[in-house]
Amino acid sequence: MKQTLRFTVNGHPVQVEVEPHWNLLRVLREELDLTGAKQGCGEGECGACTVLVNGAPVNSCIYPVLEAENKVVLTIEGLLGEKNELHPLQVAFLEKAGVQCGFCTPGMIMSAKALLDQNPAPTADEIRHALAGNMCRCTGYVQIVESVLHAADLMSRRTAQEPV
Amino acid sequence: MRTYQYLKPTSLAEVLELLKHYGPKAKIVAGGTDVMIQWKKKLLSPDYFISLRNVPELNFISYRGDLRIGSATTHRTLELSPEIRNNFPVIRDAVSGLGSVQVRNSATIGGNLCNAAPSADTAPPMLVLDTEVKIVSADGERSVPVRDFFKGPGRTVLEPGELVRELCVPEPLPNTGMAYWKHTRRKAMDLPILGVAVLMSFGEDLKTCVKARIGLGVAAPVPMRVRAAEEFLEGKVVDEIVLNEAGEMASEQARPRSTIRGSEWYRREMIRVLVKRTGLMCQERAKGEGRS
C-alpha cells in the first residue's frame, strides 16, 4: 500500500506517494523525473546512482526511500545555479574531458561535490579515495581526477573574487 | 506484488517490542548495504523490515579510555572520528577500507558483524581488541565476547528477538600498537582475500611483548583468533624472526578454503607473511606518538 512521503529535493519540498519497498533512485527517476542519477549495477557497487542525502553521498539504488523522509536530497540537477549556469564541477568536467559516454558522470560529480564541500583543496590521492565507489567503464579516470582538481581551482578563484 | 512494510522505530524499546511482536516475519535492517541486496536477490522476503537508522541509542561513539560503539554507527562516522583515529587505529584501518564512501555512509559496524561474512572487515579488529558484544531483547540482555559471537558463515549466536546494542572495547594497555591489513587485489570496493589484525602491547623497553592478539578474517569459516601464536609472542623480545615464527603458527592453525579470490595454499602462505608485516606495523605504531 502506498504511503505519503515528504522530503526536500534540490531545494524544493516534495510530496510523493511511494510503495514501502521502493528505493530512492526509483522515486527520483520515475516519480520525480529526475533522470540524472543512473541505475547501473543496482547493488551499490558502481556508484552511478550516487546522490547526496543531508550532504553525504549514498547509493540511492539501495537506499530505502522511506528513509528519505524529512531529509534533504541533492541530485546532479540541483547543481545548476539560479540562472541555470553550470556548477564549477560541471564546467571542469567539460573543460578537462572528464566525460566520455557520460553514464558515470552524475555519480562522479556528486561524489566529488561531497568531497569538495568537506575538503576544498584535495590532493589527487584524496580524490581517488573519495571517488573509489564510482566506476567509469570508459576508464577515463585520469581526466576525471584532473577535472575535480580543476573544479577545486575554479571554486577557490571564485571564492577569492567574491566581495567581502 | 513482492513488497514489505518498512518500520521506523525511534527508540530501542520500540525496536525490541516490534521484534518480539512480529517474530520471524520481521528482519532487522541497519544500513541495508547487505540486507537490501539480499532482498533484491530474493534471498530473503520478510513481511516487515525494522530499521535501526532512527534509533539514537544505537548510534554513538563513547570514548573514556575504553570505547563503546553503538551497533548502528556507520563506518563513515567511525572513519572520521578523531577518538578512533588517535586511539584505535586498527578500527580506522578496517572501516576506511570497507566499500566506498557511499557504502560507508550507510553500512554499520553492527550490520557488518551480524551479517557474519567470513570476510567481515570489522571482525578481526574487534577480535584483537577483546570486544564484548552487548546483546538485548525484550526479555533482557547478555554479553558475549566477540570471539564466541560467530557460529558459521552468516550465522551468529543471536537468538530470535535479539539485537546487538553495542560493542564494548576495553582500554588498551600502555605502549600498545594495533593494525589491520586488508589483503586485496584492488585498492577499493573489494572483499579481502585475507584480513589480518594484530595487537601487541609492549613493556617499558618497547621490545618485550606483554600481550599479543592476532585476528584473522577469511582464514576459516568464521573470523578467528590464533591463541597459540599469541602465547608464543607474549614474553618475547619481538623482532622479524619471532614474528615470522608467529606467522607460521597462525598459518598452521588457519583453515582457509580455496575460493574465487584465492586458493588455500596462497592464503596459508600470505597469513605467514601478513602476520609478520602487520606485527611490524604494530611495533612501529607502539613506538610512535600516542598509539596511531
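**A close look at one strand and its surroundings**

Tutor: Leaving aside its neighbours within four places in sequence, B:Phe202 is in contact with B:Asn175, B:Lys207, B:Thr208, B:Cys209, B:Val210 and B:Ala286, where two residues are in contact if their C-beta atoms, placed from the backbone, lie within 7 Å. Before we go on, note that this is a predicted model, in which local features need pLDDT of at least 70 and side-chain atom pairs count only at pLDDT 80 or more, while totals for chains, interfaces and linings use all residues. Residues are numbered from 1 along each chain as its sequence is written, and chains are lettered from A and ligands numbered from 1 in the order in which they are written.

B:Phe202 belongs to strand 12 (residues 194-202) of chain B; strands (E, at least two residues) and helices (H or I, at least four) are DSSP runs, numbered from the N terminus. B:Phe202 counts as buried because 23 C-beta neighbours lie inside 10 Å, the rule being that a residue is buried if 20 or more other C-beta atoms, placed from the backbone, lie within 10 Å of its own, exposed if 12 or fewer, and partly exposed in between. The C-alpha atom of B:Phe202 is separated by 43 Å from that of B:Val15, a residue 187 places away along the chain.

Next, consider the sheet around this strand. In chain B, four strands form an open sheet in the order 11-12-13-14, with antiparallel pairing, and two strands are said to pair if DSSP finds at least two bridges between them. Strand 11 (176-183) and strand 14 (224-225) of chain B each have a single partner strand, so they stand at the edges and one side of each is left without a neighbour in the sheet. Between strand 12 and strand 13 of chain B there are eight bridges, in the antiparallel sense; one residue to look for is B:Met200, whose bridge partner in strand 13 is B:Ala212.

If residues up to four places away in sequence are not counted, B:Val90 touches B:Pro125, B:Val128, B:Leu129, B:Met178, B:Ala179, B:Tyr180, B:Ala197 and B:Leu199.

B:Ala250, in turn, is one of the buried residues of helix 10 of chain B, the others being B:Leu243, B:Ala246, B:Gly247, B:Met249 and B:Ser251. In an α-helix there are 3.6 residues a turn, so residues three or four places apart point the same way. Strand 13 (209-217), helix 9 (227-233) and helix 11 (264-287) of chain B are included in what covers the buried residues of helix 10. Helix 10 (residues 240-253) has 14 residues and reaches 20 Å from its first C-alpha to its last, close to the 20 Å expected at 1.5 Å a residue, where the expected span is 1.5 Å times one less than the number of residues.

For contrast, look at strand 7 (residues 140-145) of chain B, where the number of buried residues is zero out of six, so this strand lies largely in the open. Strand 7 runs antiparallel to strand 6 (residues 132-137) of chain B, joined by six bridges, and a hairpin connects the two through two residues. Within this pair, B:Val133 has B:Val144 of strand 7 as its bridge partner.

A loop can also hold a buried residue: B:Val55 is found in the loop between strand 3 (48-51) and strand 4 (61-64) of chain B, and B:Val55 is buried, with 23 other C-beta atoms within 10 Å.

Finally, step back to the whole chain. Chain B has eleven helices and 14 strands, and 53% of its 292 residues count as buried. Among contacts in chain B between residues at least 6 apart in sequence, 66% join residues at least 24 apart. Along its principal axes the C-alpha trace of chain B spans about 60 × 40 × 30 Å.
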